[in-house]
Amino acid sequence: MHELDKIIDACRSLIESRSRGVIVTVVRTEGSTYRRAGARAVIDEDGMVTGAISGGCLERELAERAKHWFDAMTPQLVTYDSTRSDDLIFGLGLGCRGMLDLLIEPFDAEHPPRLANFRWNGREPVEWTTILPNGQSMIEIIRPPRVVALFASGGDVEPVAQLARSVGWEVTMIKPREAFDARDFDAAIVMTHNFARDSEILTQLFASPIPYIGLLGPRTRGDELLAEIGTTRDARFHNPIGLDLGAETPEQIALAIVAELQSVFERRSARPLRDLDAPIHETRNTPACA
């Protein structure tokens, strides 16, 4: 499930139960922070948190302060600056040394949040505008969950499906001989352990514009399959599938596959973070304030 869907479900659940909560949205960051602009969390009046804007420290602080915001039921901006030497005044001692501007939106059944009415537009990105208390607006391009087609059989299937779903992707299991349209998916993982079946699947996938085709098995088997269907390797074709993590068990193999997919989706190198001479979070998808 997309992180935003979890946030929206939490809002609707609180409204239906006549309870109160606050939506906390990161609207601006500076320096090193756990999450970037656009990250959200919902905190109910009992301190339960859905979503994440930090490693947990900010959420605990905000849960303590939430009861004061329920009285006014009006949005407001709050700044947390952990670059200051007196950061401990918040009782946090934040590990990241950065600054965050947070939009706090208290809500209940009588004051429902606008976000509760959010709707996806199929698989198209949604432009979502939030008006801030200072008169500015935050414009987000919110992309729907990634959709992965899984052509598979055997005991190594479920770990891949479970891990992919746990990171927020939708997984569609394609049964043998089942018709499919590759344009419906962001990626396809082929691990049927059947040469003839793999050949049929790859024929359809290579004829489509799908941006990622992953095939389980050694390079020699992949080359044999490509020769069988009369094509050659291209940038979309990942075989052997997965990152070099020394994976042996089905669970470890699933981790290697999902990690590679994540790096391809986000166009990242999959290098160790300590080797990067650049910010961990890129700014290309950061919401804009105007």
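I started with Phe265, which counts as buried because its relative accessibility is 9%, and the cut-off for buried is under 20%. The model is predicted, so I note that every entry here concerns a predicted structure.

**Entry 1. Aromatic pairs**

How many aromatic pairs does a search of the whole structure find? I got five. I looked up the one that holds Phe265: its partner is Trp169, and the geometry is edge-to-face, with 5.1 Å centre to centre and 80° between the planes. Is Trp169 buried or exposed? Trp169 is buried, since its relative accessible area is 5%.

Next I took Phe206 and Phe237, whose pair is tilted: 5.4 Å centre to centre and 55° between the planes. Phe206 belongs to helix H4 (residues 195-206) and Phe237 to strand S12 (residues 237-238), so this pair ties together parts that are 31 residues apart in sequence. I checked accessibility for both partners. Phe206 has 14% and therefore counts as buried; Phe237 has 7% and therefore counts as buried too.

I also noted one aromatic cluster, formed by Phe118, Trp120 and Trp128.

**Entry 2. H3 against H6**

I then turned to the helices. Two packed helices are described by the angle between their axes and the distance between the axes. For H3 (residues 157-166) and H6 (residues 250-265) I recorded an angle of about 45° and axes 8 Å apart. The crossing of H3 past H6 is right-handed.

Which residues make the contact? On the H3 side I listed Pro159, Val160, Leu163 and Ala164. On the H6 side I listed Pro250, Glu251, Ala254, Leu255, Ile257 and Val258. By class, the contact has nine nonpolar residues, no polar ones and one charged.

An α-helix has 3.6 residues a turn, so residues three or four places apart point the same way.

**Entry 3. The buried residues of H3**

Which residues of H3 are buried? I found Val157, Pro159, Val160, Ala161 and Ala164. What do the buried residues of H3 pack against? I noted H6, S9, strand S8 (147-152) and strand S10 (187-191). Just after H3, Gly168 has a positive phi of about 100°.

**Entry 4. Ala37 and the whole chain**

I looked up Ala37, which sits in the loop between strand S1 (21-31) and strand S2 (40-44). Ala37 counts as buried because its relative accessibility is 13%. As a distance check, I took the C-alpha atoms of Ala37 and Ala254: they are separated by 30 Å and lie 217 residues apart along the chain.

For the overall count, the protein chain has six helices and 13 strands. Its C-alpha atoms fill a box of roughly 70 × 45 × 35 Å along the principal axes. Of its 290 residues, 44% count as buried. Among contacts with a separation of 6 or more, 58% come from residues 24 or more positions apart.

Terms used
Residues are numbered from 1 along each chain as its sequence is written. This is a predicted model: local features need pLDDT of at least 70, side-chain atom pairs count only at pLDDT 80 or more; totals for chains, interfaces and linings use all residues. Side-chain values use heavy atoms; hydrogens and water are left out. Axes are lines fitted to C-alpha atoms, for helices over the stretch in contact, and angles run from 0 to 180 degrees between N-to-C directions. Helices (H or I, at least four residues) and strands (E, at least two) are DSSP runs, numbered from the N terminus. A crossing is left-handed if the near helix is turned anticlockwise from the far one by less than a right angle, and right-handed if clockwise. Contact means heavy atoms within 4.5 Å. Ala, Val, Leu, Ile, Met, Phe, Trp, Tyr, Cys and Pro count as nonpolar, Asp, Glu, Lys and Arg as charged, and the others, Gly among them, as polar. Rings of Phe, Tyr and Trp (its six-membered ring) pair if their centres lie within 6.5 Å; planes under 30 degrees apart count as stacked, over 60 as edge-to-face and the rest as tilted. Buried means under 20% relative accessible area, exposed over 50%, partly exposed in between (1.4 Å probe, protein chains only).
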